[in-house]
Amino acid sequence: MDTIKADKTLDAKGLDCPMPLLKAKKAMETLERGQVLEILGTDEGSKVDLPVWCERVGHAFLGAKEEKNYFKLYIQKG
């Protein structure tokens, strides 16, 4: 995970479901195919919701990294 370079970062810390997913969807619209979105979050449901959403719409979920008080999720636009 340390080698992933994000093209855009979305700070979704403190947001509850479904806001992290909705904001990620909007942020992905600004990226080009192959670019990576880094999502900073605290809502545990996002760790399940975002990978499922990626699979459904054709983006690649690259993984998650735990930090002290939040986590990072990485999505590559398909």
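A: What follows describes the cavity, then the elements around its lining, and then the cysteines.

This is a predicted model, in which local features need pLDDT of at least 70 and side-chain atom pairs count only at pLDDT 80 or more, while totals for chains, interfaces and linings use all residues. Residues are numbered from 1 along each chain as its sequence is written, and side-chain values use heavy atoms, with hydrogens and water left out.

A cavity here is a set of points, on a 1 Å grid over the protein atoms alone, where a 1.4 Å probe fits but cannot get out, and its lining residues have an atom within 4 Å of a point. Grid points are joined across faces, edges and corners, and a volume is the space filled by probe spheres set on the points. The count comes to 1 cavity of 30 Å³ or more, and the largest cavity has a volume of about 30 Å³.

Its lining is made up of Cys17, Pro18, Met19, Pro20, Leu21, Asp43, Ser46 and Asp49. These divide into 5 nonpolar, 1 polar and 2 charged residues, where Ala, Val, Leu, Ile, Met, Phe, Trp, Tyr, Cys and Pro count as nonpolar, Asp, Glu, Lys and Arg as charged, and the others, Gly among them, as polar. Helix H1 (19–28) and helix H2 (46–57) each supply at least two residues of this lining, and the largest share, 3 residues, comes from H1; helices (H or I, at least four residues) and strands (E, at least two) are DSSP runs numbered from the N terminus.

Turning to the sheet, 4 strands form an open sheet of mixed pairing in the order E1-E2-E4-E3, two strands being paired if DSSP finds at least two bridges between them. The edge strands, each pairing on one side only, are E1 (8–12) and E3 (60–66). H1 packs on this sheet, touching E1, E2 and E4 (71–76), and its direction makes about 160° with that of E1; contact means heavy atoms within 4.5 Å, and angles run from 0 to 180 degrees between N-to-C directions of axes fitted to C-alpha atoms, for helices over the stretch in contact. H2, in turn, lies across E2, E3 and E4, running at about 0° to E4.

As for the cysteines, the count comes to 0 disulfides, a disulfide being a pair of cysteine sulfur atoms within 2.5 Å. Cys17, one of the lining residues, is in no disulfide, and the nearest cysteine sulfur, that of Cys54, is 14 Å away.

Notes:
On a 1 Å grid over the protein atoms alone, a cavity is a set of points where a 1.4 Å probe fits but cannot get out, and a pocket is an open set with protein on both sides within 12 Å along at least five of seven lines; lining residues have an atom within 4 Å of a point.
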